[in-house]
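Subject: Structure handover

Hello,

Please find the structure below. My notes on what was found in it follow.

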2 protein chains.
Amino acid sequence: MILNERKIKILEAIINDYIATAEPIGSRTIAKKYNLGISSATIRNEMSDLEELGFIIQPHTSSGRVPSDMGYRLYVDRLLRFRELTKQETDFLRNTVAENINHIEYLMRKTAKALALLTNYTTVVSEPKCQEIKIKHVQVIPFDETSVITVIVTDNKVVKNNVIKVNHAPEPDILNQISNIVNQTLKEYSFSEISSKEAYSQFLSSPYGKLIDDVFISVLKTAYDERNMRVYTSGVNNILDFPEFSDIEKAKSVFKALEEKDMLISILECDKEKTEEKKSGLGNIKILIGNENSMEQLKDCSIIKTDYKYGKNSYGSIGIIGPTRMNYAQVIPVLNSIVNNINDVIKALSDEGT
Amino acid sequence: MILNERKIKILEAIINDYIATAEPIGSRTIAKKYNLGISSATIRNEMSDLEELGFIIQPHTSSGRVPSDMGYRLYVDRLLRFRELTKQETDFLRNTVAENINHIEYLMRKTAKALALLTNYTTVVSEPKCQEIKIKHVQVIPFDETSVITVIVTDNKVVKNNVIKVNHAPEPDILNQISNIVNQTLKEYSFSEISSKEAYSQFLSSPYGKLIDDVFISVLKTAYDERNMRVYTSGVNNILDFPEFSDIEKAKSVFKALEEKDMLISILECDKEKTEEKKSGLGNIKILIGNENSMEQLKDCSIIKTDYKYGKNSYGSIGIIGPTRMNYAQVIPVLNSIVNNINDVIKALSDEGT
DNA sequence: GTTAGCACTCGATTATGACGAGTGCTAATA
DNA sequence: TATTAGCACTCGTCATAATCGAGTGCTAAC
């Protein structure tokens, strides 16, 4: 059986209609709404073929058809024509990026919010992470009589901090000296040399040896602590607006999945090998349709995601989650637009800086 | 009509039963389950009185009764007997606090999570805020050729940071000097003197005047920026487990409210004047029942909240949100326990430090 | 190959009636 | 006089049946 032009036209009609209405579509509806120049009976025959080929599904005998994951996959790969963004939309996205580019936490939060607003789906944004994390600067600053704070700046402008308890907090001058020692050591030695304490053994016998050791430990902890990765979501409630989740149990299972930070991270990182690059100059946006993602709770959802660059060698991810019936033609350009914005601004900043 | 002992006994039975079952309670049920030594007919008469007095409500003719906000209020003020926490519970709460006390962000997040876990309601935790914010230390640290980072530590161990763009980033030594200038100025002058630039006008003409100005501006912004306040929630999904929110529209409206950060903040801060202190040594836990809070979307919810101390003059808030039918007898001791833990540990730390 | 026509399917909607938990009222009782 | 047994009545819930209609597959005619 061949997937001829006409079958594809019908499939396209079914998918477009289903994306818009969330109702199974019958042959008569197609014949009336989309004038393909053929009767409902012919369409009926073609639909029967499409079902046999696996592109559409009949929820029960004598109901209309609904696209299958495979149908959406064909649609996304071959039929999708992207919606042009309006000027308002592009401006809005550009401003969101421009206003927050210097503050990664805000950037993540506002990006998630902006995308949720424009798409009405759920968005997830993860913190940029280096393949190989680099510590840019460490500063030990005074806090009170029995504690100091280490501030750790990584390559990608991410700032983390830890409180360290001491018996008696040294003077600011001393703390500066300690900061210098730490920074110098970080420049000269690898993490493994530091974690074996070899790199700074000479300082351990000094009066502040214990503190210096604590600082290095806290630096290493930050450098390796994957769990520290922040993830922001927005528009989780939008799930409830889709009829496919009007069953409260289904909604609950999706919510539960989206509440788990680990789950969010794996949404953004999972199945890297399974996904294919989208053609047509859309960068490396990945699309996972329904069961293509391996999370049982999200089997009725599609995930559209991509990475953004933030600092040298440092990448974060942005994902948009909705029902498989999601509006791919709109979501992809929106995601593409904001990521290009981020990448462009970051590139401009780093060019400027050299 | 007098609210005699017997009426109160009946009211108590109704409320306890309703908290447990979420079903309207009839006179026969009470007569059978709680042997008060009177017949269902008598109970019926008393219930009729209780309804007239406004403590219970009949959803429709010939259905059982349900407590009103006023009924819960009486219950909470006069009838409530707190459940003792189990050893596991107290240990769990103590450990949660102990493990995270030095890192405010974790402390907030884990506290929210722990409370949601123990109570099965939704929890909200806000960042400690000074009535009068004090900057403990400012440190300008290098980032790259065209930017530096200001790290601002407030009185309450909250660390904020901002990126500042410069034409050409000064050497670390210079940045240290600038940090010293800023810290010194902050010690000697008030915020108003700083915001008028009067306090540091002498430095403006130096080669780094622009940068120094930017740093002060960023400090002031952080000091005043209410919006910077972080708020963490946990267990939002628990809402879906309550039959009162099985209507998806109701659930959605609560979700929408809990998604807004401003709304969360006003949940924790609203109606300070309206609430009353709870007696019986429970610190200053506040309870808002149903319409006692002024948020339309939360009119079917109760809010139990209190403040915790984190650093000198610095208070954050913790709130637990559930249906008005929530288990006050359990939630209040749990909340009380964790807040006492936080306060005790913080007190111990500050005593130790003097 | 296409289409009109028709019998058939099956979920959704509506109507109906039985059930039962609960009420209020009245009259008998302690 | 307060309490209670008894009874008719109310009304939401649940199960059953009836109807409707969108949609199908198949056949025969074009």
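The expected span of a helix is taken as 1.5 Å times one less than its number of residues. Helices (H or I, at least four residues) and strands (E, at least two) are DSSP runs, numbered from the N terminus.

On conventions: this is a predicted model, in which local features need pLDDT of at least 70 and side-chain atom pairs count only at pLDDT 80 or more, while totals for chains, interfaces and linings use all residues. Residues are numbered from 1 along each chain as its sequence is written, and chains are lettered from A and ligands numbered from 1 in the order in which they are written.

Helix 10 of chain B

Helix 10 (residues 209-224) of chain B has 16 residues and should span 22 Å; its end C-alpha atoms are 23 Å apart, which agrees. Buried in this helix (20 or more other C-beta atoms within 10 Å of the residue's own, C-beta atoms being placed from the backbone) are B:Leu211, B:Ile212, B:Val215, B:Phe216, B:Ser218, B:Val219 and B:Ala223. They cover an arc of only 160° around the axis, so they are on the same side of helix 10 of chain B; the arc is that of the directions from the helix axis to the C-beta atoms. Their cover includes strands 5, 6 and 7 and helices 7, 8 and 9 of chain B.

The two chains

Chain A superposes on chain B by a rotation of 179° with 0.1 Å of shift along its axis (RMSD 0.1 Å). That is the relation of a two-fold axis.

In the interface, 30 residues of chain A are in contact with 30 residues of chain B, contact meaning C-beta atoms, placed from the backbone, within 7 Å. On the side of chain A that touches chain B, strand 5 (135-144) of chain A has the largest share, seven residues. 100% of the interface residues of chain A are also interface residues in chain B, so the copies meet through the same surface.

The DNA strands

A residue is near a strand if its C-beta atom, placed from the backbone, lies within 6 Å of it. DNA strand D is surrounded by 21 residues, the closest being A:Gly26, A:Ser27, B:Ser39, B:Thr42 and B:Ser62. Helix 3 of chain A gives the most to that surface, four residues. Around DNA strand C there are 21 residues, of which A:Ser39, A:Thr42, A:Ser62, B:Gly26 and B:Ser27 come nearest. Here helix 3 of chain B gives the most, with four residues.

Regards

Methods:
Contact = placed C-beta atoms within 7 Å. Buried ≥ 20, exposed ≤ 12 C-beta atoms within 10 Å, placed from the backbone. Least-squares fit on C-alpha atoms with pLDDT ≥ 70 in both.
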